[in-house]
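Trainee: Could we go through this one together? I would like to know what stands behind each term.

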Amino acid sequence: MALARTAAFFYYPAYDPIPDLGPLNPYIEWWSRLLSQNSRPTRKDLRFQDLAGWHARLTLCHVLEDGSDMVAHIVGEDVKALFKSVVNDRHLDFTKGTRLRDLIDVDSEAQRQHLAKITLIPSIAISKGELTLVNDRKIAIASLDFPLMPAPDETPYVLSLYDFEAPFLSRRGL
């Protein structure tokens, strides 16, 4: 998920060492195990039972053909709750099929570049910053984006993990 301009993005190709991320280390270890089994994992390689107990913060997103946005495939309930809000008497519903650009105030070109960078090669994007929703609500957030390579006749997917309180990121200078 793209963050507001106050965010910091760090991209780590699959072969680069990832810094110590404290409570997020199990996610990095899970991803490393997945990459050791398949250097270009697809959505079909995911076994969500390996992420038991982590589902509340995960979202699987389908990258659109032009790379400009993602369509959500909800994995966890906590992620849906993050976006509960009303804009001009319209509820922001984060449900399966929601385009993230409909919820997040982000420049479409910046989002396209972010998606292109993480799906070009297997890498992890570590994002830290302030997420700005279309209703001007701001939320401090950290996220990990794991790209899933497209199977034949598919566009890429991105598995995103969100952490809403991540003081360890600021302690480590990320």
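**Terms and values**

Mentor: Gladly! Strand β2 (residues 58-63) and strand β8 (residues 157-163) pair in the antiparallel sense over five bridges. This is a predicted model, where local features need pLDDT of at least 70, side-chain atom pairs count only at pLDDT 80 or more, and totals for chains, interfaces and linings use all residues. Residues are numbered from 1 along each chain as its sequence is written, and side-chain values use heavy atoms, with hydrogens and water left out.

Trainee: What makes β2 and β8 a pair?

Mentor: Two strands (E runs in DSSP of at least two residues, numbered from the N terminus) pair if DSSP finds at least two bridges between them. β2 and β8 have five bridges, so they pair. Within this pairing, T59 stands opposite S160 in β8.

Trainee: How do you know that β2 pairs with β3?

Mentor: By the bridges again: five join β2 to strand β3 (residues 70-74), and the two run antiparallel. Here T59 stands opposite I74. The two strands form a hairpin with six residues between them, and G67 in the turn has a positive phi of about 70°.

Trainee: Why is T98 called buried?

Mentor: Buried means under 20% relative accessible area, exposed over 50%, and partly exposed in between, with a 1.4 Å probe and protein chains only. T98 has 10%, so T98 is buried.

Trainee: Which residues does T98 touch?

Mentor: Contact means heavy atoms within 4.5 Å. Not counting residues up to four places away in sequence, T98 touches M70, V71, A72, D93 and L103.

Note on methods. Helix = DSSP H or I, 4+ residues; strand = E, 2+ residues; numbered from the N terminus.
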